[in-house]
Amino acid sequence: MTLKSILLGTAIAALGTASSAEDYIIGVMSAQSGYLAPYDGPAYAGFKFCIDEKMANGGLNGTTPVKLIVKDTRSDIAVGVQVVQEMLDDGAKFIVSSADADPTIAAAQITAADMIPTMTFAGTAPVLTQVGPHVFGSYPADNQQGAVLAAYARDQGFEKAWLLTSPDSAYTLGGPRYFGEAFESLGGAVVGESTYSLNQPDFSAIVTNIQNADDAPDVIATWAWEPDFPAFIRALRGAGVETQVMGGDVLDTPTVRGLGDVVDGVVHTSGGFPDEGSAYADFIDRFKASTGTVPDNNYYVNGCDIVDMIEQALAAAGTTDPAAVSAAMAELEDGTATMSNFTFKGTDRMPLREVVVARIRADGEKEFVLRQLADPETLPKP
Amino acid sequence: MDQLVQQLINALSLGGIYAMLALGLAIVFSIVRLINFAHGEIMTFGGYGIFLSMVFGFPPVAALCIGLGAAVVMALAMERAAFRVMRGADVISLLITSFAVSEILKVLFQNGISARPVPISFPSAWSSSYQIGGMTIGVAPTASIFVTILSLGCLTFVLRRLAIGMAMRAAAEDFDMLRMLGVRANRVVAAAFAISGLLAGVAAVIWTAQRGSVDPMMGFFPVLKAFIATVLGGLGSLGGAVLGGFVVGTLEVLTQAFLPDSLTPYRDAIVLSAVIAVLLVRPDGLLPARSGTRS
């Protein structure tokens, strides 16, 4: 009797957890702790919200139910590789990877053998897709952001740029370099560059060097994230340097906007802006009504956009075969999404999407400056 | 020349923070032989104390005082909850305990407050600057240097003139003898943790004023540098910890300021190589403790 009970219980448990034969299994790497948690957390929340909406209507394209496997990577690349392998063993046919190039590149090495489509939550370094034809970005790439921001800087009359880079990540190194390349191609000059380490304790030495530069810059470009950017901007303004600062989309956070006077006038790129009446504004309303949380950065909506990208790739492929889905995704052109439309066709699988430029005000709000699609012909090469 | 002076001010400012953190580590180590890697979380807790105080509407100066108090309370709670029961354990067991405490607190900060940095917006005057000759010097680094000097001065007074301070110094020399003389061990150890927490709190105040945000990892990196400073100065040596802090801070700032562009990515490696070179010549540190704990 006991043995029968155990067998029966095991069978029921197995039935309860098993996916049905038609489920499209998506594996999600989501760091719940560590440096990626602030980005993976919101991106996954937006992704899950839109998956749930689709499931309420029969699944992707109304026909394909989805089963998610979500695993914590703790922002550790080795753990990330391990969980991706586990998700593949559990039948995942699509992997959504963490919001940075390095863990995505590591994950893509594992998914390459079976051509499992692998899309980063919000990694923007264009080098990440060079692992293979199954790897995709989802957010406007750093070279698109750098090109649009540099064009805006030149339009404002800035002529001499100083780059603040960190070689510790592809994002913090590449973003400012793309800005500098585009800035120079438009007639500006890069007059200096300082490097820092991630989580560097102190930026005062760098600020003093900028302050005493023979050829003083009129704009400083950085893709530094938190907590490095707050430390840098406080040190910069604290030393009395009022030079215009411009940065990447990573500055589009409530933490940076909450720094008060020191960030007044800082200009940054972004993936979107919730104009009144837009699909993005509608997403915010729906998300807030459903979860009680106000999406305060673009990672939420970009997570939702990834669902749209997967759905449209499946529709174009007409099958869930991973290689076919990868090939179909790479050919999508002017696909519809909430933050902005996207095109993979003709790119190196970093989608061509509109880049927004926004300005931070001292009151903690941001104001819209412009929205522009980078010219693929003049983009700085990865 | 102006640039060199400005960089020296930067070095003193950063070195002062390392010195205070290193001193906090050294005080505890000298008495209970604990290398407290959770010291960084005491600093972080102080930072969150400042943040939450400002969220609840306290004026900035009051928030800083609350941050100081929060760090002391955290240090005392840590001693009572985690380290008192481990007293007398070997150094490795204590070290692992401190790692565990550190990890638990980091996870609590991440899940209880936020995984991402939270902003602290101090009055703009705190981010202003002033002119001396041709130099522009920030208010925050200047205040940092003064606060460091004041803190170290007060600590010297406590250690040399007050009974509890003398008991702590005696405990660092021979804790068993001190207990045999009737001094209550719990009181001395708790005082050491309280002072250690206070120093971490002062470091948190300066750190948040200069950096403008608090995150779960805020204390980890500076305490790592402070640990290097205590080893450089001489493990268990209070004077050595202070000297080590200033040396590490100065090396960091000067390498950041004057290394050629091609070498700046190797900055940390160069600083650590310099520390190793010093320890090869003086294995007990720059100012070894009398008990001669070898690094």
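Here is a short chat about a predicted model, covering the interface of chain B and chain A and then a sheet in chain A.

Visitor: How many residues of chain B are in contact with chain A?
Guide: Let's look at both sides of the pairing. Chain B and chain A bury about 3100 Å² between them, with 46% of it on carbon and sulfur atoms. On the chain A side, 41 residues take part, and the number from chain B is 40.

Visitor: Which residue of chain A forms a salt bridge with Arg116(B)?
Guide: The rule finds one salt bridge across this interface. The cut-off is 4 Å between the side-chain nitrogen and the carboxyl oxygen. Here the closest N and O atoms are 3.6 Å apart, and the partner of Arg116(B) is Glu226(A).

Visitor: Which element gives the largest share of the side of chain B that touches chain A?
Guide: Between the two chains there are 16 residue pairs in polar contact, both residues at pLDDT 80 or more. Several elements of chain B give two or more residues to this side, including α1 (2-32), α8 (185-211) and α10 (238-258). The largest share is six residues, and they come from α1(B).

Visitor: How many charged residues does that side of chain B have?
Guide: Sort the side of chain B that touches chain A by class. You get 15 nonpolar and 17 polar residues, and the charged ones number eight.

Visitor: Which strands of chain A stand at the edges of the sheet?
Guide: Seven strands of chain A form an open sheet with mixed pairing, in the order β7-β6-β8-β9-β10-β11-β12. Two of them have a single partner strand each, so one side of each is left without a neighbour in the sheet: these are β7 (189-195) and β12 (366-372) of chain A.

Visitor: What angle does helix α5 of chain A make with β11(A)?
Guide: Within the sheet, the twist averages 25° from one strand to the next. Helix α5 (residues 142-155) of chain A packs on the sheet, touching β9, β10, β11 and β12 of chain A. Its direction makes an angle with that of β11(A) of about 55°.

Visitor: Do β9 and β10 of chain A run parallel or antiparallel?
Guide: Strand β9 covers residues 244-247 of chain A and β10 covers residues 267-270. Met246(A) stands opposite Val267(A) in β10(A). Two bridges join these strands, and they run parallel.

Visitor: Which residue in the turn between β11(A) and β12(A) has a positive phi?
Guide: Six bridges join these two strands, which run antiparallel. One of the pairings puts Val355(A) with Gln372(A) in β12(A). The strands form a hairpin with five residues between them, and the residue with a phi of about 90° is Gly364(A).

Methods: Residues numbered from 1 in each chain as written. Chains lettered and ligands numbered in written order. Predicted model: local features only at pLDDT ≥ 70, side-chain atom pairs only at ≥ 80, totals over all residues. Heavy atoms only, no water. Contact = heavy atoms within 4.5 Å. Buried area = accessible area lost by both parts, 1.4 Å probe. Polar contact = N/O pair within 3.5 Å; in protein donor to acceptor, adjacent residues only side chain to side chain. Helix = DSSP H or I, 4+ residues; strand = E, 2+ residues; numbered from the N terminus. Nonpolar A, V, L, I, M, F, W, Y, C, P; charged D, E, K, R; others polar. Pairing = 2+ DSSP bridges. Axes fitted to C-alpha atoms, helices over the stretch in contact; angles between N-to-C directions.
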